[in-house]
Every structure is written in structure tokens, then in C-alpha cells.
Amino acid sequence: MEEKPEDKMTPFDKFISSNDLQLMKLIIPYTTLANQHILAVFVKFLELNRTMHFFHQPRRKIHTQTFEKSFSSPLDIIDEIRPYLSESERNSIDSILNVFNMMQMLQTMTKMASQNDEQSDTEEFDPRDMIKEMLTPEQQDMFQMYTTMFQENNNFNNEKGDN
């Protein structure tokens, strides 16, 4: 299935761009050097003009690509930006998400085991420690960043659910 150029446009770009502006951008490399400069500045001026007009309209707000979400979790944001990443960046994100899925599964298993063994006074097993040991230092930093981000999201959701 062939990907259409507008599929790579962000929701914001879809609001401020048009087919004629996209065509002008495509023509820039085929013009003389002096005309490239003029045409590029002109296109950016038109986009800036459309941006200012967009935000001067009452109650205009940029939404996500799905246009339905009132709250975005870190996973929602990752899903939104994923199509705009390079293949290696997508692979890195996928690897981290797989680790988090494994972590959630291990935490569920740990909770189930601790519920079955109420007499145990030993320290609870944290699967994150085991997973971190398998990562490079760079991946460990990223893993810690995402762990913190997801914990903050869970805390927010828990507080939101209590209200």
C-alpha cells in the first residue's frame, strides 16, 4: 500500500497547509538558486500567515490525530509521534515498549505469587532490576526515564480515579 504524502503531515500542518503550498515546496529544488530563496521564504510566510489566522479564530485548538482524546498518556503520545520517527528510532521505542510489557506481566505474576504466599516476609521481587541489568548504560537511562514517566502517569490516573 503506497503511503500518501499527507499521511506524514501532523494535524497542525494539515490545518495550515494546502495542496498549493505543498506543490510550491516540491517545486523549490527545480528553480534557480535565487528563486529557491524567494519561493521558500514566500511559502513559509504563507504558513505563518495561516498559523496566525488559525489561532485568531475563537476556540480553535489543535487536537491529536484521532481528535477524540481529552487526556493523553505517554503511550498515546508515543503512538502519535511514531509514524514520524526513523526506523531505528521506531525500533528503539518498540524495544522499550516490549520491555515495559514484560515488566507489567512480571509485576502481575509477582502480585499473584505474593497473594498466594501471604506468610512470606521476604523483600518483593522487582522485575525492573532484572531487566535493567540486561540493558546498555544508554538504554538504562532511557528505561529509567520511561519508568518515571509511566509511574507519574499511573499516579495521575489513580488520583483521577479517586476523585
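Residues are numbered from 1 along each chain as its sequence is written. Because the model is predicted, local features need pLDDT of at least 70 and side-chain atom pairs count only at pLDDT 80 or more, while totals for chains, interfaces and linings use all residues; side-chain values use heavy atoms, with hydrogens and water left out.

**Figure 1. Overview of the helices in the protein.** The protein has seven helices and zero strands, where helices (H or I, at least four residues) and strands (E, at least two) are DSSP runs numbered from the N terminus. Of its 163 residues, 22% count as buried; buried means under 20% relative accessible area, exposed over 50%, and partly exposed in between (1.4 Å probe, protein chains only).

**Figure 2. The largest nonpolar core.** A nonpolar core is a set of buried Ala, Val, Leu, Ile, Met, Phe, Trp, Tyr and Cys residues joined through side-chain atoms within 4.5 Å. Among the 13 residues of the largest one, F100, I131, F143 and Y146 touch the most other members. Helix 5 (87-116) and helix 7 (137-162) each supply at least two residues of this core, and the largest share, seven residues, comes from helix 5. A second, separate core has five residues, including M24, I28, L39 and V43.

**Figure 3. Surroundings of F143.** Not counting residues up to four places away in sequence, F143 touches V99, F100, M103, R128, I131, K132 and L135. Contact here means heavy atoms within 4.5 Å.

**Figure 4. The largest pocket.** A pocket is an open set of points on a 1 Å grid over the protein atoms alone, where a 1.4 Å probe fits, with protein on both sides within 12 Å along at least five of seven lines; lining residues have an atom within 4 Å of a point. The largest pocket has a volume of about 310 Å³, the space filled by probe spheres set on the points. Of its 13 lining residues, F100, M103, Q104, F150 and N154 are the closest to its centre. Helix 5 gives the most to the lining, with six residues.

**Figure 5. T51 in helix 3.** T51 lies in helix 3 (residues 33-56). This residue counts as buried because its relative accessibility is 17%. Leaving aside neighbours within four places in sequence, T51 is in contact with F12 and I16.
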